[in-house]
Amino acid sequence: MAARWEILADIINDRGFKQVAEIGIATGATTSYLLNLCPQLERYVAVDVYLGHIRVMEKEHPNLDLLEMDSVQAAQQIEDGSLDLVFIDADHAYESVMADIIAWLHKVRPGGVICGHDYWQGHPHPLPAVDGVKEAVDKVFVAHHRSCYTQHICDTSVHKNCYVWITNI
Ligand SMILES: C[S@@+](CC[C@H](N)C(=O)[O-])C[C@H]1O[C@@H](n2cnc3c(N)ncnc32)[C@H](O)[C@@H]1O
């Protein structure tokens with residue numbers, strides 16, 4: 001088991017990924033770790049309706065590209081097939097996760113990865129809205145027999161039944 005940013009950093013560094021987007025930033029915990037753990041990143045697109053917490057990182061990380069807006073609107077600013085990895089972690093309700101997957105899937109180039117946080121298995125999540133992640137991911141990927149695997153995370157105790165979902169494009 002590893003924290004979500006360790007799982008992501010391993011994928012990014014092992015595959016030499018250089019163009020990454022994180023959808024949903026909050027205080028920037030994952031953003032900060034990845035910018036520091038993955039020095040080869042050329043562009044890190046950070047999307048959130050509020051990015052005030054991470055504006056201070058801009059000076060130290062000129063590769064940080066801030067899109068302070070709704071995630072589906074932000075996707076319209078990104079060229080199709082231009083990203084190596086997209087990490088979806090914004091609104092966890094079923095409709096929102098579905099909208100994010102649809103909006104961002106084609107931004108990933110063949111050979112890249114689309115993935116996300118809070119794929120909850122085993123027990124219901126204490127916040128029912130989070131169950132939308134598994135429902136949407138299963139509907140888009142698993143039901144269509146596209147490769148989708150999960151990796152257990154341990155970044156906080158509340159995440160003990162929680163996984164990162166990962167799909168190779
Ligand atoms: C779970 S937090 C992100 C945590 C972060 N990825 C991490 O690993 O530390 C979810 C974030 O998604 C943002 N968010 C929710 N809905 C959004 C939307 N439609 N567009 C953009 N950001 C959104 C919220 O403002 C919040 O900061």
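1. Helix 1 passes helix 2 in a right-handed crossing, that is, with the near helix turned clockwise from the far one by less than a right angle. Helices here are DSSP runs of H or I of at least four residues, and strands are runs of E of at least two, numbered from the N terminus. The model is predicted: local features need pLDDT of at least 70, side-chain atom pairs count only at pLDDT 80 or more, and totals for chains, interfaces and linings use all residues. Residues are numbered from 1 along each chain as its sequence is written.

2. The axes of helix 1 (residues 4-14) and helix 2 are 10 Å apart, at an angle of about 35°; axes are lines fitted to C-alpha atoms over the stretch in contact, and angles run from 0 to 180 degrees between N-to-C directions.

3. Helix 1 contributes Arg4, Trp5, Leu8, Ala9 and Ile12 to the contact, and helix 2 contributes Thr30, Tyr33, Leu34 and Leu37 (contact: C-beta atoms, placed from the backbone, within 7 Å). By class these are 7 nonpolar, 1 polar and 1 charged (nonpolar: Ala, Val, Leu, Ile, Met, Phe, Trp, Tyr, Cys and Pro; charged: Asp, Glu, Lys and Arg; polar: the others, Gly among them).

4. Arg4, Trp5, Ile7, Leu8, Ile11 and Ile12 are the buried residues of helix 1 (20 or more other C-beta atoms within 10 Å of their own). They lie on the same side of helix 1 because they cover an arc of only 160° around the axis, taken from the directions from the axis to the C-beta atoms.

5. The ligand is surrounded by 16 residues, the closest being Gly24, Thr30, Ser71, Asp89 and Asp91 (C-beta atom, placed from the backbone, within 6 Å). Helix 2 (29-37) and strand 2 (43-48) each give two or more residues to this shell.

Methods: Two residues are in contact if their C-beta atoms, placed from the backbone, lie within 7 Å. A residue is buried if 20 or more other C-beta atoms lie within 10 Å of its own, exposed if 12 or fewer, and partly exposed in between; C-beta atoms are placed from the backbone.
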